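Subject: Structure for your review

Dear colleague,

Please find below the structure I promised to hand over.

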Amino acid sequence: MQDEAFEQIVSMFNWLVSWVAAGAMMFGGVVPYIPQYWDIRRTQNAEGFSTYVCMVLLVANILRILFRFGRYFETLLLWQSIIMIATMLAMLKLCTNVRVNAELNTKRRSFLDFDWKYFWSWSRFLDYVQCVVAFTLTAAYVTYVLLDSAVFVETLGFLAVFSEAMLGTPQLYCNYQNKSTEGMSVKMVLMWTSGDTFKTGYFLLTQAPVQFWTCGMLQVLVDFAILFQVYYYSFYPKKPAPHAASHNTSAKAL
């Protein structure tokens, strides 16, 4: 009886852990953007957040979903991509509305103008949706045509996770240029590091495709490099030149 009760407790514990891990995988990636969303909504100021982060994450997760047609991975990771896409669209909608309200006298720009000078700087949320739909349909068609090519499928998966893994590099380079991490949220970097470490370990334990865990490791290395910059520049501070452009807050951090 005691052995059966112990086995039931262990089974329930394993079930609970698996559900917590699943929830962390699905929603953990969007958590850093929740406070940023409410901050923008409260202040009606989106200057500190780069919408290019939304673009990169939209592209990465759309490609990841398409990759699943050629190389199966678990449904949990599929839902993770869907939730991230929905989150980035919500961020885009808010940022676009705030920016347009602040630029009342600015000429309206549209996706259908096909002006590369204003690419991803349009005046309506609908323009971003049109661009995302156009990209998705084009990528889906190419994937359908080349789905039998193992090289294409593996390359598609690599591009999906590699683009997401590189999100921290603009901040890394910006810190290097400024020789400072002032204005960057260290708490956010710690959240990325813990989340990316957990995610990479999950990929290894669940035997996800090699693209997932290799790029996950790369993402963790970038996070640790930024944390090292925090440590290094705190001991060797150097203010940026007065004429240098100041943009210390990472797109990913926000």
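A nonpolar core, as the term is used here, is a set of buried Ala, Val, Leu, Ile, Met, Phe, Trp, Tyr and Cys residues joined through side-chain atoms within 4.5 Å. Please bear in mind throughout that this is a predicted model.

**The nonpolar cores**

The largest such core has 45 residues, and those that touch the most other members are Ile 40, Phe 49, Met 88, Trp 120 and Phe 212. At least two residues of this core come from each of helix H2 (33-43), H3, H4, H5, H6, helix H8 (186-205) and helix H9 (210-235). The most is given by H4, which contributes twelve residues. Apart from this core lies another, of five residues, including Val 189, Trp 192, Ile 226 and Leu 227.

**The chain as a whole**

The chain contains nine helices and zero strands, so that its pattern along the sequence reads α-α-α-α-α-α-α-α-α. Of its 254 residues, 39% are buried. Among contacts between residues at least 6 apart in sequence, 76% join residues at least 24 apart. The accessible surface comes to about 15200 Å², and 67% of that surface belongs to carbon and sulfur atoms.

**Helix H5**

Helix H5 covers residues 125-145, which is 21 residues. From its first C-alpha to its last it reaches 31 Å, close to the 30 Å expected at 1.5 Å a residue. The buried residues in H5 are Asp 127, Tyr 128, Cys 131, Val 132, Ala 139 and Thr 143. Seen down the axis of H5, these buried residues fall within an arc of 135°, and they therefore line one face of the helix. Leu 137, Tyr 141 and Tyr 144, on the other side of H5, are exposed.

What covers the buried residues of this helix? The cover includes helix H3 (52-70), helix H4 (75-102) and helix H6 (150-165). Thr 143, which belongs to H5, is buried at a relative accessible area of 5%. Beyond its neighbours within four places in sequence, Thr 143 is in contact with Leu 66, Phe 152 and Leu 156.

**Salt bridges**

How many salt bridges does a search of the whole structure find? The search finds two.

One joins the side chains of Arg 71 and Glu 154, at 3.0 Å from N to O. Arg 71 lies in the loop between H3 and H4, whereas Glu 154 is in helix H6, so the pair ties together parts that are 83 residues apart in sequence. Arg 71 is partly exposed, at 31% relative accessibility, and Glu 154 is likewise partly exposed, at 31%.

In the other, Arg 124 pairs with Asp 127, and the closest N and O atoms are 3.1 Å apart. Arg 124 is partly exposed, with a relative accessible area of 40%. Asp 127, by contrast, is at 0% relative accessibility and counts as buried because that value is under the 20% limit.

**Pro 209**

Pro 209 is found in the loop between H8 and H9 and is buried, with a relative accessible area of 5%. Arg 71, a partner in the salt bridge with Glu 154, is among the contacts of Pro 209.

**Two residues with positive phi**

Which residues other than glycine have a positive phi? Phe 114 has a phi near 55°, and Trp 120 has a phi of about 65°. Phe 114 is in the loop between H4 and H5, and Trp 120 also lies in the loop between H4 and H5. Is each of them buried or exposed? Phe 114 counts as exposed, at 60% relative accessibility. Trp 120 is buried, with a relative accessible area of 3%, and is one of the residues that touch the most other members of the largest nonpolar core.

With kind regards

How values were computed:
Residues numbered from 1 in each chain as written. Predicted model: local features only at pLDDT ≥ 70, side-chain atom pairs only at ≥ 80, totals over all residues. Heavy atoms only, no water. Helix = DSSP H or I, 4+ residues; strand = E, 2+ residues; numbered from the N terminus. Buried < 20%, exposed > 50% of the residue type's maximum accessible area, 1.4 Å probe, protein only. Contact = heavy atoms within 4.5 Å. Areas by Shrake-Rupley, 256 points an atom, 1.4 Å probe, with all protein chains shown as cover. Expected span 1.5 Å × (residues − 1). Arc of directions from axis to C-beta. Salt bridge = Lys/Arg side-chain N within 4 Å of Asp/Glu carboxyl O.
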